[in-house]
Amino acid sequence: MFLAWKEIMHNKLKFSLIIGVLVLISYLLFLISGLSNGLMGMNREAIDKWNPDAIIVTKESNRNLAQSVMNIDAVDNQFDKVAPIKNMAIIIAKGDKKQNTLLFGINKETFINPNITEGKTFKKDFEVVANDGLKQKGFKLGDTIDIAGNDQDLKIVGFTNNAKYNAANVLYSSYSTADKLSMNRLKDKANAFLIKDNDYKSKSIDSDFEAIDKETFITKLPGYTEQKLTLDVMSYFLFTIATFIIGIFLYILTIQKAPVFGLLKAQGISNGFLARSLIIQTLILSVIAVIIALILTIITANVIPDVVPIKFVWSTIGIYAGVIILTAVLGGLFSIRSIQKVDPLKTIG
């Protein structure tokens with residue numbers, strides 16, 4: 001420990017370069033983690049808020065909510081709690097502001113009724129409760145908004161939070177509003193049933209339907225799995241890059257210090273002691289780098305605009321920090337063989 005720290009303090013510039021590279025890699029990893037959580041959250045916020053045990057859709061819909069249509073009473077009295085939901089995509093406009101949204105027709109008496117963060121819940125036809133993300137797009141409480149391709153207007157009477165579905169802002173309305181906007185295509189119909197029943201798998205449903213657990217349904221959302229896989233692969237590559245960079249840096253430093261190692265060996269210091277010193281040195285460097293990256297991440301979390309889809313989950317970042325330290329130590333192991341090969345007689349003579 002003493003030897004490792006003493007060398008770091010003696011060669012501040014060289015080791016600062018290693019720390020700097022590790023800081024950049026760690027910080028980028030933490031940002032990618034936040035971006036991944038933010039983008040994934042945009043796809044699943046509304047579903048997580050409903051928190052159903054299962055979602056029932058038609059088999060032919062390929063687990064796509066918009067393509068699933070069934071009678072609104074198709075599963076009445078079969079589960080503990082059932083919330084039929086009607087879904088349609090609409091484009092809303094206010095002046096020159098336009099926004100793609102999803103309108104969900106719901107029964108306010110069911111468990112998916114949204115919490116109100118501002119205003120009130122809908123009571124009349126064509127009144128809606130909107131996701132507060134629309135505030136950032138210029139929409140506000142009391143606005144009367146146009147619907148593309150429809151002569152009807154909607155009125156925002158309330159806002160709720162955490163209500164995005166497949167990255168689109170959600171509007172909640174009554175069944176009657178959804179029926180009229182769909183030209184009665186959804187009258188007495190539902191696109192899906194959200195179920196609260198721990199024993200739903202043992203209940204029988206129509207052979208044309210299927211009950212899907214929440215997480216499986218989310219993975220089938222368009223683009224969700226592909227986005228997550230892309231960001232995960234980027235993270236794995238960064239871990240690999242971190243391992244090689246720290247390994248290369250330490251290998252070069254080890255080669256440069258071959259005469260010093262030869263002198264230490266000539267004085268009776270063992271290969272094991274020198275290897276432990278190298279590993280401790282790597283550990284110190286990686287811990288310092290991760291701490292700096294964490295500080296930068298905390299600053300970023302406090303100053304980044306809400307419009308940026310980024311969400312830091314500190315437990316995940318803690319795991320990433322531990323893995324970065326571990327991969328840095330693994331990179332340091334590359335240089336141990338070089339220490340063992342140093343011949344005291346050759347380096348001194």
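1. Ser-33 counts as buried, at 4% relative accessibility (buried means under 20% relative accessible area, exposed over 50%, and partly exposed in between, with a 1.4 Å probe and protein chains only). Ser-33 belongs to helix 2, residues 12–50; helices (H or I, at least four residues) and strands (E, at least two) are DSSP runs, numbered from the N terminus. Apart from neighbours within four places in sequence, Ser-33 is in contact with Lys-311, Thr-316, Ile-317 and Tyr-320, contact being heavy atoms within 4.5 Å.

2. On the basis of the model: it is predicted, so that local features need pLDDT of at least 70 and side-chain atom pairs count only at pLDDT 80 or more, whereas totals for chains, interfaces and linings use all residues. Residues are numbered from 1 along each chain as its sequence is written, and side-chain values use heavy atoms, with hydrogens and water left out.

3. The whole structure contains 11 salt bridges, a salt bridge being a side-chain nitrogen of Lys or Arg within 4 Å of a carboxyl oxygen of Asp or Glu. Side chains of opposite charge can pair when their charged atoms come close.

4. One of these pairs is Arg-63 with Glu-210, whose closest N and O atoms are 3.5 Å apart. Arg-63 lies in the loop between strand 1 (54–58) and strand 2 (70–71), and Glu-210 in strand 13 (residues 209–213), so the pair ties together parts that are 147 residues apart in sequence. Arg-63 is partly exposed at 25% relative accessibility, whereas Glu-210 is buried at 18%.

5. Asp-125 and Lys-180 also form a salt bridge, at 2.5 Å from N to O. Because Asp-125 is in the loop between strand 5 and strand 6 and Lys-180 is in helix 3 (residues 175–181), this pair ties together parts that are 55 residues apart in sequence. Asp-125 is partly exposed, with a relative accessible area of 30%; Lys-180 is partly exposed as well, with a value of 40%.

6. Within helix 5 (residues 224–256), Lys-228 and Asp-232 are 4 residues apart and therefore separated by about one helical turn. Their side chains form a salt bridge in which the closest N and O atoms are 3.2 Å apart. Lys-228 is partly exposed at 34%, while Asp-232 is buried at 16% relative accessibility.

7. A network of salt bridges links Arg-44, Asp-48, Lys-214 and Glu-215.

8. Lys-120, Lys-123, Lys-124 and Lys-155 form a positive surface patch. Patches are made of residues with over 30% relative accessible area and no salt bridge, with like charges joined within 9 Å and nonpolar side chains (Val, Leu, Ile, Met, Phe, Trp, Tyr) within 5 Å.

9. Two backbone values deserve mention. Asn-162, although not a glycine, has a positive phi of about 50°; its place is in the loop between strand 8 (150–160) and strand 9 (164–165), and it is partly exposed at 42% relative accessibility. Asn-184 has a positive phi near 65°, lies in the loop between helix 3 and strand 11 (189–190), and is partly exposed with a relative accessible area of 45%. Most residues other than glycine have a negative phi.

Key
Areas by Shrake-Rupley, 256 points an atom, 1.4 Å probe, with all protein chains shown as cover. Lys, Arg positive; Asp, Glu negative; His and termini not counted. Charge placed at Lys NZ, Arg CZ, Asp CG, Glu CD.
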